[in-house]
Amino acid sequence: QVQLVESGGGSVQPGGSLKLSCIPSLSLSRFYLTAWYRTYPGKERELIASSADGVSVWYKEDVKGRFGFSRDNADNALYLQMNNLKPDDTAVYSCYVAFDRKPYWGQGTQVTVSL
């Protein structure tokens, strides 16, 4: 079992920035695949960034150049730096790890972008 706790969500105006954090209950070194998802109301979770080796990162096209996914083994944390936020980025953001061939998501943190 793995618990993931996200934080850092909130409300910002368009063009603003937020940095999300995700703390796992186990050492990050035990996870190969890590990712961030977001969920719009009434929709399925969508993958927005993922990394299989902690170095190279895949980004969904509409966040590429604005979002940065990183992992810090010293902090034992995953981060999602979100810049130039747009109203369409309003969603619940969740981190993800794969462990022992099972998927785990955190409870999510709300991000709201509006004037």
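Select aspartate 62 to begin: its relative accessibility of 36% makes this residue partly exposed (buried means under 20% relative accessible area, exposed over 50%, and partly exposed in between, with a 1.4 Å probe and protein chains only). The model is predicted, so local features need pLDDT of at least 70 and side-chain atom pairs count only at pLDDT 80 or more, while totals for chains, interfaces and linings use all residues. Residues are numbered from 1 along each chain as its sequence is written, and side-chain values use heavy atoms, with hydrogens and water left out.

Aspartate 62 and lysine 60 form a salt bridge, with 3.3 Å between the closest N and O atoms; the term denotes a side-chain nitrogen of Lys or Arg within 4 Å of a carboxyl oxygen of Asp or Glu. Lysine 60 counts as partly exposed because its relative accessibility is 23%.

Move to glutamate 61 and lysine 64, whose side chains meet in a salt bridge at 3.1 Å, N to O. Glutamate 61 is exposed, having a relative accessible area of 60%, whereas lysine 64 is partly exposed at 46% relative accessibility.

Now select arginine 38 and glutamate 46. The closest N and O atoms of this salt bridge are 2.7 Å apart, and both residues are buried. Across the whole structure, the search finds seven salt bridges.

Colour the charged side chains next. The chain carries 12 positive and 11 negative side chains, and the centres of the two sets lie 3 Å apart. Here Lys and Arg count as positive and Asp and Glu as negative, with His and the chain ends not counted; each charge is placed at NZ of Lys, CZ of Arg, CG of Asp or CD of Glu.

Finally, switch to a cartoon of the whole chain. The secondary structure comprises zero helices and 11 strands, where helices (H or I, at least four residues) and strands (E, at least two) are DSSP runs numbered from the N terminus. The C-alpha trace spans about 40 × 30 × 25 Å along its principal axes. Of the 115 residues, 42% count as buried. Among contacts (heavy atoms within 4.5 Å) between residues at least 6 apart in sequence, 52% join residues at least 24 apart.
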